[in-house]
Amino acid sequence: MSRRITPLADPVPGPASHRLAWLAADAAGVPVGSAFLRLFTREGQDHLAELEIAVHPAERRKGVGSELLERAVAEAREQGRRRVVAATAADTPGDAFLAARGFAKVLGLTFARLDLSQAAQAAQADADAVAARARPGYRLRAWEGVVPDELAETFTASRRAMDDMQVEDADFGVVVWDVERVRAAARAVAERGDLLHTVVAVDESDGSIAGFTELVVPGDGEGDGRHYGTGVLPEHRGRGLARWMKTESVRWARERHPRLSGLLTDTADGNAAMRAVNDSLGYRPTHRELRYQLDL
């Protein structure tokens, strides 16, 4: 059966990346698969390309995925990328597909969800837990959207808390944060209609931010919110700040958005400390995802 592969591209490149795409269709013009290749353009990540391939279940094992992969990898080489990364759910056809085509498995992520269905009773319990976990020498502060001007510099500096994140052999490049990038990330959440809520732990000795946790809530306040990241600077670890901040984030979500169904989070399999925090707050695993890499 003849097959047509149509190349596509984002009409307007983004500030940190741009995408190329290929649409596979059968002889009748019916789509049977697609591939998206995100080319990162910021310094520190411009050696990476991120691949996503999808093939209709009825069209698998007919060479569609392999042809799309060949096109995407060839373009990544043409664009000077040294590594292609891809993610897939564990124990799925995508998992087997990547493993059989030279990709190396480099990271496992466990996804978990906190059920907020008992919001009324749990809200007070959360408030009590925040108070009980108060840490001498620190105070919590929170905001919605873009970081307040007076905290912009110290909040940006606190992003290095993620620099030693346990990601096994996965290559995420080097992400360099400055104040404008921090603000731009918050604006991007707002522009798509969602709400970014940030909780930080402030070191009372000098007013600097010792750690942070971010939560994104759908604009309509329904469905599931998603944690974007939680980090504590190395010199402030071991004091329970991550659990304290995340507890406050959960309390805020219950209080401000009573129609939320749940909160989602994901944690690298090697990050035992954060998995323990999530377990203690009632998050329950839902599935695992694997990250693969192909060196070009």
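A residue is called buried under 20% relative accessible area, exposed over 50% and partly exposed in between, with a 1.4 Å probe and protein chains only. The model is predicted, so local features need pLDDT of at least 70 and side-chain atom pairs count only at pLDDT 80 or more, while totals for chains, interfaces and linings use all residues. Residues are numbered from 1 along each chain as its sequence is written, and side-chain values use heavy atoms, without hydrogens and water.

Q: Why does aspartate 91 count as exposed?
A: Its relative accessibility is 75%, and exposed means over 50%; aspartate 91 therefore counts as exposed. Aspartate 91 is placed in the loop between strand S5 (83–89) and helix H2 (93–99).

Q: Why is H6 called oblique to H7?
A: Helix H6 (residues 241–256) and helix H7 (residues 272–280) pack at about 40°, with axes 10 Å apart. Angles under 35 degrees count as roughly parallel, over 145 as roughly antiparallel, 65 to 115 as roughly perpendicular and the rest as oblique, so H6 is oblique to H7.

Q: Which residues of H6 make the contact, meaning heavy atoms within 4.5 Å?
A: Ala242, Arg243 and Lys246 of H6 meet Met274, Ala276, Val277, Asn278 and Ser280 of H7.

Definitions and conventions
Axes fitted to C-alpha atoms, helices over the stretch in contact; angles between N-to-C directions. Helix = DSSP H or I, 4+ residues; strand = E, 2+ residues; numbered from the N terminus. Contact = heavy atoms within 4.5 Å.
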